[in-house]
Amino acid sequence: TLYKQLRQVCEDHVRLTESMDNLSFLKRMNRCWQDHCRQTIMIRSIFLFLDRTYVLQNSLLPSIWDTGLELFRTHIVSDGAIQKRTVDGILEQIELERNGETVDRSLLRSLLGMLSDLQVYKDSFEERFLTETNRLYAAEGQRLMQERDVPEFLHHVARRLEEENDRIASYLDQSTQKPLICCVEKQLLGEHMNAMLQKGLSSLLNEGRVTELALLYQLFSKVKGGLPTLLQFWRDYIKSFGGEIVCTPEKDKDMVQDLLDFKDKMDNVVQTCFARNEAFINAMKEAFETFINKRPNKPAELIAKYVDSKLRAGNKEATEEELERILDKIMIIFRFIHGKDVFEAFYKKDLAKRLLVGKSASVDAEKSMLSKLKHECGAAFTSKLEGMFKDMELSKDIMIQYKQYMQNQSEPSLIELTVNILTMGYWPSYTPTEVHLPPEMVKLQEVFKLFYLGKHSGRKLQWQPTLGHAVLKAEFKEGKKELQVSLFQTLVLLMFNEGEEFSMEEIRAATGIEEEELRRTLQSLACGKARVLNKNPRGKDVEDGDRFNFNGDFKHKLFRIKINQIQMKETVEEQVSTTERVFQDRQYQIDAAVVRIMKMRKTLSHNLLVWELYNQLKFPVKPGDLKKRIESLIDRDYMERDKEIPYQYHYVA
């Protein structure tokens, strides 16, 4: 009775609310809601006893507060026109705010709180709000993707996400957060991932825009499928950029330095922008391995030469630590190379030069590089290189013994001889050349031979005049000088003790040096910086019929002058012969592997044999080449084909 009358009075009051225009309507609505809440609290206070006794005893009756809410919902908010106007007004305010205008957030918070309290927030507001958001950001994403460049677009997306999160904190219900943020990410990022990466990833990476790349990664990690897409583009970028470095012969000179710089740059991006993500690190390694092996053999050869340039004396790399750091970086690039035997061949050739001419920057650095190679490729890979170092050490010991031996001789020699004994298998193969040595030198060679073979019988000594060098004492008008020269330069200069002037042909006949080598030797003595010979007629190159005489007027500020042999640019033939030697070695390795496998298995099908070979061989090889080697072994009766099944082989013991 009293409860029913109270309900009636409240109901009559609530029905009196009339409609108005948008913002004023929202304000009026809010005022109406605030008043209603305040009045309901007042009524509940007055009828507290009723609320606590009668209502509590009847579980079916709502409390006075709930009754108030229900009445407000039934008569005001559930009214189609009022609800539509309220929600329209709220959406209009949010759109104004998104377009950069200031709105009354407390009003929006209060009205959305009202819809929540009345339990109509989801149905009446949230669905429409998300549809509107979707429509707005879809259009905005399309437009800005056309108008703006990628860095600007990324910053815009980040700002939009921040604004929407702020909106949730300020006046939207927490339950809206997930669908709202998903909607923004989908429309601004998800729909444009490929377009964005095509348009801007390579320029971001080229320019090293670390901030934007970090932002890109951060945003893509929020979107479904974002990181796998970024990963694919990242891999493709490395392959194409690296492929350009490796496959452009004009840039061979800088290839290794460019590769090191590129690797540093990509490492930095992964570290600082991609949160050291394992997948990105692995994709980078895989991409490097792919593009470096696009051009077989050349990168391996150039890496060996680069190491040579760093380990040679006179290299500007200031400290041991710096050199060590460079070698570590080189090893990372070296790891990606498939044909490591090509590297070994060129490295061995350069190492021989460094050791024999005493041109090594530091023995520690040499040993450090060897241990890195040993760690990477195993002891078999470095055994010959280590053998070269052993030879140099042993040669020093032999020379000490030889000097003692010479002191005990009846007639000590005026010429001091130093010999390096090289084990043939360890060192690169040198073409033996015959030259006419002066009798003093021949005698010294004989004395040494006697001494050495006395200690090591059964060995054979083969002299290598191409690698020899000497110090000559010379007298000029200016005074005495010492000339540090190669053996060939020595033979030419010694002729001028016997006569004033010689033609090229006479020199050639007397020394026995082959023509090309002689031209370069004369060029170094008569056309270089230190001209101890004069050439007639003058000119840069040595021609047939040119005549040479001793230059007594030669002047130089130093006492000991090194006259460099004109370095023959490493000829294409030399490079080809080194590479061919590697291929020859590979043939032997394939043969040995086939025989090893067949001896163990006795019978094997072609496909299984090839599969086994791929597992055992450490260099890239084509199936066609394997087939040729198998055919060759069948011809040489190491194995035979099955009579019934042509693709089956048997081992022949």
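Ser170 is found in helix H9 (residues 150–170). Helices (H or I, at least four residues) and strands (E, at least two) are DSSP runs, numbered from the N terminus. This is a predicted model: local features need pLDDT of at least 70, side-chain atom pairs count only at pLDDT 80 or more, and totals for chains, interfaces and linings use all residues. Residues are numbered from 1 along each chain as its sequence is written, and side-chain values use heavy atoms, with hydrogens and water left out.

- Ser170 is buried, at a relative accessible area of 15%. Buried means under 20% relative accessible area, exposed over 50%, and partly exposed in between (1.4 Å probe, protein chains only).
- Ser170 touches Arg105 and Arg109, leaving aside residues up to four places away in sequence. Contact means heavy atoms within 4.5 Å.
- Leu216 sits in helix H12 (residues 210–220). Leu216 counts as buried, at 1% relative accessibility.
- Leu216 touches Leu154, Met196, Leu197, Leu201 and Leu230, again not counting residues up to four places away in sequence.
- Leu216 and Ala158 are 58 residues apart along the chain, and their C-alpha atoms are separated by 9.5 Å.

**Packing of H14 and H17**

- Helix H14 (residues 255–272) packs with helix H17 (residues 320–335) at an angle of about 95°, and their axes are 10 Å apart. That makes H14 roughly perpendicular to H17.
- Axes are lines fitted to C-alpha atoms, for helices over the stretch in contact, and angles run from 0 to 180 degrees between N-to-C directions. Angles under 35 degrees count as roughly parallel, over 145 as roughly antiparallel, 65 to 115 as roughly perpendicular and the rest as oblique.
- From H14, Val256, Leu259, Leu260, Lys263 and Asp264 meet Lys329, Ile330, Ile332 and Ile333 of H17.
- The residues of this contact between H14 and H17 divide into six nonpolar, no polar and three charged. Ala, Val, Leu, Ile, Met, Phe, Trp, Tyr, Cys and Pro count as nonpolar, Asp, Glu, Lys and Arg as charged, and the others, Gly among them, as polar.

**Aromatic rings**

- A search of the whole structure finds 28 aromatic pairs. Rings of Phe, Tyr and Trp (its six-membered ring) pair if their centres lie within 6.5 Å; planes under 30 degrees apart count as stacked, over 60 as edge-to-face and the rest as tilted.
- Phe448 and Tyr452 have ring centres 6.0 Å apart and planes at 15°, so the pair is stacked.
- Phe448 and Tyr452 both belong to helix H21 (residues 439–455), four residues apart, about one turn of the helix. Both Phe448 and Tyr452 are buried.
- Tyr237, Phe241, Phe262, Phe288, Phe291 and Phe336 are linked by ring pairs into a cluster.

**Charges over rings**

- Lys263 lies over the face of Phe288, at 5.9 Å from the ring centre. A charge sits over a ring if NZ of Lys or CZ of Arg is within 6 Å of the ring centre and within 35 degrees of the ring normal.
- Arg354 lies over the face of Tyr347, at 5.5 Å from the ring centre.

**Positive phi in loops**

- Ala275 has phi near 55°, a positive value in a residue other than glycine. Ala275 is placed in the loop between H14 and helix H15 (278–292). Ala275 counts as exposed, at 54% relative accessibility.
- Asp637 has phi near 65°, a positive value in a residue other than glycine. Asp637 lies in the loop between helix H27 (623–635) and strand E8 (639–641). Asp637 is exposed, with a relative accessible area of 56%.
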